[in-house]
Structure formats: structure tokens, C-alpha cells
Amino acid sequence: VQLQASGGGLVQPGGSLKLSCAASVSLFSINAMGWYRQALGKQREFVAQITGSTNYADSVKGRFTISRDNGKNTVYLQLNALKPEDTAVYYCYVRKGPDNYWGQGTQVTVSS
């Protein structure tokens, strides 16, 4: 399984970005797909996941939305009302059977 993440960038506080993660396999063949993030000097943390339903970290609830396009084998993360503390490298992942696969990461920087 290969994952290609994109969509990161520099945005001002309060701004928005949309991240994409394209998978090399059908989303119907996976158990879950989602996003983690890792800020400089901190541990990687869970952000959001989509299976048959969605769940989010408390820190992003109401601001971030995860969605999927099965036809494009792609999962999206819409980031709204961004804060400086959202600055991190965002990694998408897929869980297929017992295995997890990770994308290369895309940098999100929130700064004025």
C-alpha cells in the first residue's frame, strides 16, 4: 500500500487548508484511514479517523472534517479555524488487516 499526502502549506491563524491522501488500493479493501500529526519536539498524535463513522481528537473537533472519495481512493482532511498550535507535519495512514501503512507527511504551518 502506498499513500501520497498533499495540500499542506503556510496559512494565517483562522485560515483553512484541505489535505488529501491518495491510496494505491481501493478504500473498500481497508479497515480504516485517517491522520496523525507531529509537531516539532513532540510525539505524534491522533487527529482523525474514518471507518464507517468518523472520530476526532478533542483538540480539532468542530474545526476539522475528515471525508473520503471511494472513486478516487482518497481521504481528505478539511482544516478550518486553524490555530498556531495546529502547526505540525500531518501524516495519513491506512489500516489494512493487521498492518498500518503511512504516507510521507505534509507540513502545515499556521503563522501570521
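**A disulfide, a salt-bridge network and an aromatic cluster**

Both Cys21 and Cys92 are buried, where buried means under 20% relative accessible area, exposed over 50% and partly exposed in between (1.4 Å probe, protein chains only). The structure is a predicted model, in which local features need pLDDT of at least 70, side-chain atom pairs count only at pLDDT 80 or more, and totals for chains, interfaces and linings use all residues. Residues are numbered from 1 along each chain as its sequence is written, and side-chain values use heavy atoms, with hydrogens and water left out.

A disulfide is a covalent bond between the sulfur atoms of two cysteines. With the cut-off used here (a pair of cysteine sulfur atoms within 2.5 Å), a search of the whole structure finds one disulfide. Its partners are Cys21 and Cys92, with sulfur atoms 2.1 Å apart. The torsion about their S-S bond is about 60 degrees, so the disulfide is right-handed. Cys21 belongs to strand β3 (residues 17-23) and Cys92 to strand β9, so the pair ties together parts that are 71 residues apart in sequence. Helices (H or I, at least four residues) and strands (E, at least two) are DSSP runs, numbered from the N terminus.

Side chains of opposite charge can pair when their charged atoms come close. Counting a salt bridge as a side-chain nitrogen of Lys or Arg within 4 Å of a carboxyl oxygen of Asp or Glu, the model holds four salt bridges. In one of them, Lys61 meets Asp58, with the closest N and O atoms 3.2 Å apart; Asp58 is exposed, at 65% relative accessible area. Another joins Glu45 to Arg37 at 2.6 Å between the closest N and O atoms. Here Glu45 is partly exposed, at 36%, while Arg37 is buried, at 5%. Arg63 pairs with Asp86, and their closest N and O atoms are 2.7 Å apart. Arg63 sits in the loop between β6 (54-56) and β7 (64-69), and Asp86 in the loop between β8 (74-79) and β9 (88-96), so this pair ties together parts that are 23 residues apart in sequence. Arg63 is buried at 10% relative accessibility, and Asp86 is buried at 1%. Through shared partners, salt bridges join Arg37, Glu45, Arg63 and Asp86 into one network.

What kinds of residue make up the lining of the largest pocket? Three are nonpolar, three polar and five charged, taking Ala, Val, Leu, Ile, Met, Phe, Trp, Tyr, Cys and Pro as nonpolar, Asp, Glu, Lys and Arg as charged, and the others, Gly among them, as polar.

Attention now turns to the aromatic rings. Rings of Phe, Tyr and Trp (its six-membered ring) pair if their centres lie within 6.5 Å; planes under 30 degrees apart count as stacked, over 60 as edge-to-face and the rest as tilted. Four aromatic pairs are found in the whole structure. The ring centres of Tyr36 and Tyr93 lie 5.4 Å apart with planes at 75 degrees, so this pair is edge-to-face. It links distant parts of the chain, with Tyr36 in strand β4 (residues 32-38) and Tyr93 in strand β9, 57 residues apart. Tyr36 is partly exposed, at 24%, whereas Tyr93 is buried, at 5%. Tyr36 also forms an edge-to-face pair with Trp102, at 5.4 Å centre to centre and 75 degrees between the planes. Trp102 lies in strand β10 (residues 99-102) and Tyr36 in strand β4, so the pair ties together parts that are 66 residues apart in sequence. Tyr36, Phe46, Tyr93 and Trp102 form one aromatic cluster.
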